[in-house]
Amino acid sequence: MMIAANFYDGRSARAHAVDLVALDGLISLQGGVDKTYSARATRIAEPFEQAPTVLYFEDGARCEVVGPEAGQVLRDALGYRASRVVRMTAHTWAALIALVLLVALILATMIWGVPAASKRIAAALPSSVDRSLGETAFQALEKSGTLQETRLSDQWLAEVNAALPRVAPPGMRVRLVVRNSPKLGANAIALPDGTIVMTDQMVRFIVGRKGNFGEIEKAQLAGILAHEIGHVRMRHGARILAGSSLSAALAAALFGDFSGVATLPAVVMRLSYSREAEAEADGFAIALMQKNGIPMLPMAQLHERMERRHEDNGQKENASWVRDAGRFLTSHPGSRERAARLRAAAAQQ
């Protein structure tokens, strides 16, 4: 039986109308071209409803047969048998199981796969990449208006800057930058190149409007810097940037949409460390503070105060302070847990 088909030679988009005959293990084409192919060396594409039946030949050419009836005749003539996957998708229960498994795989990839891959990528990156990422992120944050010139007095800045030498590890490249940032609120972030940005709002939250730089406040400033230095040492910023890129690539691969790919400032703005990362940075900070004789109880009290401010949203006069505390808790989750960790370390100090 002859079947009408369109032949494509694989070198151009031109279609050649042919009559196809499948007989005795051979596929013969007549009309626009005269060719004969071995049926055994020919591959039939998986059939789709209302789609042409496609034959792929060993020389790179292909043939398309239009129409479900003609396609079925051709598949019967060639002894085609659908794969197990195709046969299973014909059953509703199998399709539902496949969908559940797909969703589970995507979730597992996002929850465990992406963080694990990000950790490996960050560990393999040379230090020059950290410097480039940090410098680019800082410039982007300034250009976007997220970071503005500090409004603190020179005296306050001197007190804040004096906290860094108390905790900076010898030989480690870190620098402290104080900037005003209504967008970040009371916060501190560590960039991959060792730049630690502390906001005016965070300084004011610690020392209060009167600007009391007592031993407690100085210990809290040093504790925050020690924690951020821990993020730098553990390369958590590079991990998050790598994870954001992997997540965006995964989403684009699944949905074909790159509109959700975040810019670098947006990624830094959304820095949210996992509990594991926070625990690592806290462990590093605790060891650093113990080594340098800095009390840890003030840091525990700072976390508890932020938690209380965040929860105490019924007092109108504290609205801005509540908002600032909430931003810090968003980017540094688990404050109660961290306060308890610091109190336990302080009890042993």
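Me: Which ring does the charged end of R62 sit over in this structure?
Reply: A charge counts as over a ring if CZ of Arg, or NZ of Lys, is within 6 Å of the ring centre and within 35 degrees of the ring normal. Here, in what is a predicted model, the charged end of R62 sits over the ring of Y8, at 4.3 Å from its centre. Another case is R175, which lies over the face of F138, 5.1 Å from the ring centre.

Me: How many aromatic pairs are there, and how is such a pair described?
Reply: Two values describe a pair of aromatic rings: the distance of the centres and the angle of the planes. The count in this model comes to 3 aromatic pairs. For W156 and F213 the ring centres are 5.7 Å apart and the planes stand at 80°, so this pair is edge-to-face; planes over 60 degrees apart are classed that way.

Me: Where do W156 and F213 lie in the chain, and are they buried or exposed?
Reply: W156 belongs to helix α5 (residues 154-161), while F213 is in the loop between α7 (200-207) and α8 (215-233), so the pair ties together parts that are 57 residues apart in sequence. Both W156 and F213 are buried.

Me: Which residues form an aromatic cluster?
Reply: One aromatic cluster is made of F7, Y37 and F57.

Me: What is the strand order of the open sheet?
Reply: The general idea is that strands of a sheet pair through backbone hydrogen bonds, either parallel or antiparallel. This open sheet has 7 strands in the order β4-β3-β2-β1-β7-β6-β5, and the pairing is antiparallel. At the edges are β4 (35-38) and β5 (43-44), each of which pairs on one side only.

Me: How many bridges join β5 to β6, and which residue does I44 stand opposite?
Reply: β5 and β6 (residues 53-56) run antiparallel and are joined by 2 bridges. I44 stands opposite L55 in β6.

Me: Which strands does helix α1 touch?
Reply: Helix α1 (residues 68-78) packs on the sheet and touches β1 (3-8), β2 (16-23), β3 (26-31), β5, β6 and β7 (62-65). The direction of α1 makes about 40° with that of β6.

Me: What are the totals for the protein as a whole?
Reply: The secondary structure comes to 14 helices and 10 strands. Of the 349 residues, 42% are buried. The accessible surface is about 18900 Å², and carbon and sulfur atoms account for 56% of that surface. Among contacts between residues at least 6 apart in sequence, 63% join residues at least 24 apart.

Methods:
Residues are numbered from 1 along each chain as its sequence is written. This is a predicted model: local features need pLDDT of at least 70, side-chain atom pairs count only at pLDDT 80 or more; totals for chains, interfaces and linings use all residues. Side-chain values use heavy atoms; hydrogens and water are left out. Two strands pair if DSSP finds at least two bridges between them. Helices (H or I, at least four residues) and strands (E, at least two) are DSSP runs, numbered from the N terminus. Contact means heavy atoms within 4.5 Å. Axes are lines fitted to C-alpha atoms, for helices over the stretch in contact, and angles run from 0 to 180 degrees between N-to-C directions. Buried means under 20% relative accessible area, exposed over 50%, partly exposed in between (1.4 Å probe, protein chains only). Accessible areas come from the Shrake-Rupley method with a 1.4 Å probe; for residues, only the protein chains shown count as cover. Rings of Phe, Tyr and Trp (its six-membered ring) pair if their centres lie within 6.5 Å; planes under 30 degrees apart count as stacked, over 60 as edge-to-face and the rest as tilted.
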